[in-house]
Amino acid sequence: MTIETDVKLDQRSLSRFLIYHNYARVSGIIGLVLSIAALAALCAAWGMWTPMQRGLLAVLALLFTVLQPLMLASKGKRQLAMEEFQIPFHYSFDENGVTISQQDQTQSFSWEEIRKVVFRRDAIYVYMSAVSAFVVPKEQCGGQFDELVHLMREHV
């Protein structure tokens, strides 16, 4: 069984991936906990902090809850503006692995070369390394998303 799809990433899909990728790691969780703890400390003991301390706690509270997601969205927007993201990627999934092509370039990977696959309700993230992945949004699978999930679960 071969499943083929063309994917042209959009801002929403890439931003969701970047946020997932950053907050699913230990460093992202620690940052989020620090921001929540700073917000709790700021609210619980407002009167005991000096204005400078309140300002620092407010910045820390916003750092991983507001500022980092905005920076990730900006990074995604810059990435999508790059020339290679203007042309759709063609993915072909079969029993042997995945083949990715774009214009005249083609690259194939066996299932053993794939490091990790993350199944989300709106996309599949296929990691080729700890920091390199490709995103397959559900809405761009042409109704074959469930079949693709099944195929990947069988082989990865």
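Tutor: Leu18 has its place in helix H1, which covers residues 11-23; helices here are DSSP runs of H or I with at least four residues, strands are runs of E with at least two, and both are numbered from the N terminus. The model is a predicted one, in which local features need pLDDT of at least 70 and side-chain atom pairs count only at pLDDT 80 or more, while totals for chains, interfaces and linings use all residues. Residues are numbered from 1 along each chain as its sequence is written, and side-chain values use heavy atoms, with hydrogens and water left out.

With a relative accessible area of 6%, Leu18 is buried, a word that stands for under 20% relative accessible area, whereas exposed means over 50% and partly exposed lies in between, with a 1.4 Å probe and protein chains only. Apart from neighbours within four places in sequence, Leu18 is in contact with Leu72 and Gly76, contact meaning heavy atoms within 4.5 Å.

Arg16 brings in a charged link, for Asp122 forms a salt bridge with Arg16 in which the closest N and O atoms are 2.3 Å apart. Because Asp122 lies in the loop between strand E5 (116-119) and strand E6 (123-127) and Arg16 in helix H1, the pair ties together parts that are 106 residues apart in sequence. A search of the whole structure finds one salt bridge, where the term requires a side-chain nitrogen of Lys or Arg within 4 Å of a carboxyl oxygen of Asp or Glu. Of the two partners, Asp122 is buried, with a relative accessible area of 15%, while Arg16 counts as partly exposed at 34%.

Beyond the helix, Arg25 has its place in the loop between H1 and helix H2 (26-44), and at 35% relative accessibility Arg25 counts as partly exposed. The C-alpha atoms of Arg25 and Ala81, which are 56 residues apart along the chain, are separated by 26 Å.

For the surface, one can turn to helix H3 (residues 51-80), in which Leu62 lies. At 43% relative accessibility Leu62 counts as partly exposed, and together with Leu63, Val66, Leu67 and Leu70 it forms a nonpolar patch on the surface, with about 400 Å² of accessible area together. Patches are made of residues with over 30% relative accessible area and no salt bridge, like charges being joined within 9 Å and nonpolar side chains (Val, Leu, Ile, Met, Phe, Trp, Tyr) within 5 Å; the areas come from the Shrake-Rupley method with a 1.4 Å probe, and for residues only the protein chains shown count as cover.

Not counting residues up to four places away in sequence, Phe93 touches several residues, among them Met1, Ile3, Trp111, Phe134 and Leu148.
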